[in-house]
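Subject: Structure for you to look at

Hello,

Here is the structure I said I would pass on. Please open it first, then read the notes below it.

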Amino acid sequence: MAAGEKYTIDLLKIKHIADDYRFEVSNRFFESFEGSTIKEGNITVSVSIEKTANTFDTHITAEGTVKVECDRCLNLIDFPVKGELELVVKLIEGHKEDEDEIVYIPMGEGVFNATQHIYDCIYLALPIRKTCEEAGVPEGCDSKVIEKLTRVEYGNDDDEAGDPRWDKLKDLL
């Protein structure tokens, strides 16, 4: 079974006004997204759907942890995630391009693939800057990397001082 097939909901089989679905998202899910900054994860996803005629109000919530690189020291850290995403799914005749918060599904298909929307919910729950401190890592960032960054930032980097190529460039000024 492909990663996306696991996260589909057959809208034509929904008999109640409201239905809830629960999914477990693991490493295999994130591997299917090429170039993702999320390396691994263990997330519980809940999808609540309220049906009115051919419209399905959908509420996706995700909670758990993902493994991402620290933006400061590049160590892999377990980052807590808790996010929500609301969208409307509509069954229509023919085909129509999806909008920002509205997903159109042809009446003949009737299957809502939530894979991309689940990923978006998780990814959008992450802050722009992800550091060891924000993830609650007790020892914080890698001290060797921070020390090196501090030396470079304040111009005390010993690696550059001994390079004769830089000396010749400085003479041009």
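Asp-78 and Lys-67 form a salt bridge, with 3.2 Å between their closest N and O atoms. The term means a side-chain nitrogen of Lys or Arg within 4 Å of a carboxyl oxygen of Asp or Glu. Asp-78 is in strand S5 and Lys-67 is in strand S4 (residues 55-69), so the bridge ties together parts that lie 11 residues apart in sequence. Strands (E, at least two residues) and helices (H or I, at least four) are DSSP runs, numbered from the N terminus. Asp-78 is partly exposed, at 43% relative accessibility. On this scale, buried is under 20% relative accessible area, exposed is over 50%, and partly exposed is in between (1.4 Å probe, protein chains only).

The model is predicted: local features need pLDDT of at least 70 and side-chain atom pairs count only at pLDDT 80 or more, while totals for chains, interfaces and linings use all residues. Residues are numbered from 1 along each chain as its sequence is written, and side-chain values use heavy atoms, leaving out hydrogens and water.

How many salt bridges does a search of the whole structure find? It finds two. Glu-133 forms one with Arg-72, and here the closest N and O atoms are 2.9 Å apart. This pair links distant parts of the chain, 61 residues apart: Glu-133 is in helix H3 (residues 132-135) and Arg-72 is in the loop between S4 and S5. Glu-133 is partly exposed at 42%, and Arg-72 is partly exposed at 30%.

Next, the cysteines. The whole structure has zero disulfides, a disulfide being a pair of cysteine sulfur atoms within 2.5 Å.

Last, the surface. Trp-166, Leu-169 and Leu-172 make a nonpolar patch of about 350 Å². Patches are made of residues with over 30% relative accessible area and no salt bridge, joining like charges within 9 Å and nonpolar side chains (Val, Leu, Ile, Met, Phe, Trp, Tyr) within 5 Å. Leu-172 is in helix H6 (residues 164-172) and is exposed, at 71%. A patch of negative charge also lies on the surface, and its residues include Glu-84, Glu-97 and Asp-98. Asp-98 sits in the loop between strand S5 (76-92) and strand S6 (102-106), and is partly exposed at 40%.

Regards

Definitions and conventions. Accessible areas come from the Shrake-Rupley method with a 1.4 Å probe; for residues, only the protein chains shown count as cover. Lys and Arg count as positive and Asp and Glu as negative; His and the chain ends are not counted. The place of a charge is taken as NZ of Lys, CZ of Arg, CG of Asp or CD of Glu.
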